[in-house]
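Let's take a friendly walk through a protein structure, one part at a time. Keep the picture beside you and find each residue as we come to it.

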Amino acid sequence: AVVPTEQPVASYVHDSANAGATPFRGTAMWRAFHEAAGIARIVDDTVDRSLIDPRISDIFKGHDMVRLRRTLKEQFCYILHGPCDYSGRTMAAAHKDMGVQQADFAALVENLQAAMRKEHIRFDAQNRFLAKLAPMHRTVVKQ
Ligand code: HEM
């Protein structure tokens, strides 16, 4: 079988706090997102939509989508209080010098919302999760 491989990155301190949000308590949100399989479908669908989205697809060109899919799944799992640590970089480090604008951020959130709808995530759970991600615009969007 062909195993997708990741590009090496410069070393950094691994800490789940790099995820940029504190996890929910309890297991309700983790279950509301259909656990690991649901999160994997949502992340893959969000990335797939973004890669063909003419508003933002160019931003992803030349970046490591194998690593992005893996670390996004970890990040979502960690924030939704599943049994995961986040091993990726901080949002500031990951998006440094990328030039992401507020409209790009909004486009990505729309793609995530479409993926969550497709997975039939309850609307209240969608909104609670989006409220955890929204403040990240301060570090992801170029100031
Ligand atoms: C809430 C919003 C966002 C979250 C939670 C998020 C999360 C992440 C994560 C976890 C990584 C990987 C970190 C690592 O490699 O260690 C990453 C990288 C990346 N993100 Fe985001 N992101 C967000 C918004 C955006 C937006 C709006 C764009 C562009 C439209 C974007 C484009 C990218 C790209 C291209 C990379 C790869 C960076 C590299 O190759 O080093 N992200 N993001």
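Val-2 has 4 C-beta neighbours inside 10 Å, so Val-2 counts as exposed. You will find Val-2 in the segment before α1 (28-32). Along the chain, Val-2 and Met-91 are 89 residues apart, and their C-alpha atoms are separated by 30 Å. Please keep in mind throughout that this is a predicted model.

The table lists their lengths and spans.

| Helix | Residues in helix | Span, first to last C-alpha | Expected span |
|---|---|---|---|
| α2 (residues 35-51) | 17 residues | 24 Å | 24 Å |
| α4 (65-79) | 15 residues | 21 Å | 21 Å |

The span of α2 is close to the value expected at 1.5 Å a residue, and the span of α4 is likewise close to its expected value.

Which residues of α2 are buried? They are Gly-38, Ile-39, Ile-42, Val-43, Thr-46 and Ser-50.

If we leave aside neighbours within four places in sequence, Arg-49 is in contact with Asn-111, Ala-114 and Ala-115. Arg-49 and Leu-108 are 59 residues apart in sequence, and 8.7 Å separates them in space, C-alpha to C-alpha.

In α4, the buried residues are Thr-71, Leu-72, Glu-74, Gln-75, Phe-76, Cys-77, Tyr-78 and Ile-79. They pack against α2 and α7 (123-133).

**The nonpolar core**

In soluble globular proteins, nonpolar side chains tend to be buried together. Here, the largest nonpolar core has 22 residues. Those with the most contacts inside this core are Phe-33, Ile-39, Ile-42, Phe-76, Cys-77, Tyr-78 and Leu-80. The elements that give two or more residues to the core are α2, α4 and α6.

Let's pick out Phe-76, which is found in helix α4. Is Phe-76 buried or exposed? With 26 other C-beta atoms within 10 Å, Phe-76 is buried. Not counting residues up to four places away in sequence, Phe-76 touches Ile-39 and Val-43. Phe-76 and Val-43 are 33 residues apart in sequence, yet 8.4 Å apart in space, C-alpha to C-alpha.

Next along the chain is Cys-77. With residues up to four places away in sequence again left out, Cys-77 touches Ala-36, Ile-39, Gly-82 and Cys-84.

**Around the ligand**

How many residues are around the ligand? There are 21, and those that come nearest are His-63, Gly-88, Arg-89, Ala-94 and Leu-108. The elements that give two or more residues to this shell are α3, α4 and α6. Among the contributors, α4 gives the most, with five residues. Sorted by class, the shell has twelve nonpolar, five polar and four charged residues.

**Two residues with a positive phi**

Just after α4, His-81 takes a positive phi of about 65°, although His-81 is not a glycine. His-81 sits in the loop between α4 and α5 (91-94). There are 17 C-beta neighbours inside 10 Å of His-81, so this residue counts as partly exposed.

Asp-97 is not a glycine either, and has a positive phi of about 60°. You can find Asp-97 in the loop between α5 and α6. How many other C-beta atoms lie within 10 Å of Asp-97? There are 6, so Asp-97 is exposed.

Notes:
Residues numbered from 1 in each chain as written. Predicted model: local features only at pLDDT ≥ 70, side-chain atom pairs only at ≥ 80, totals over all residues. Helix = DSSP H or I, 4+ residues; strand = E, 2+ residues; numbered from the N terminus. Expected span 1.5 Å × (residues − 1). Buried ≥ 20, exposed ≤ 12 C-beta atoms within 10 Å, placed from the backbone. Contact = placed C-beta atoms within 7 Å. Near = placed C-beta within 6 Å. Nonpolar A, V, L, I, M, F, W, Y, C, P; charged D, E, K, R; others polar. Core = buried A, V, L, I, M, F, W, Y, C linked by C-beta atoms within 7 Å.
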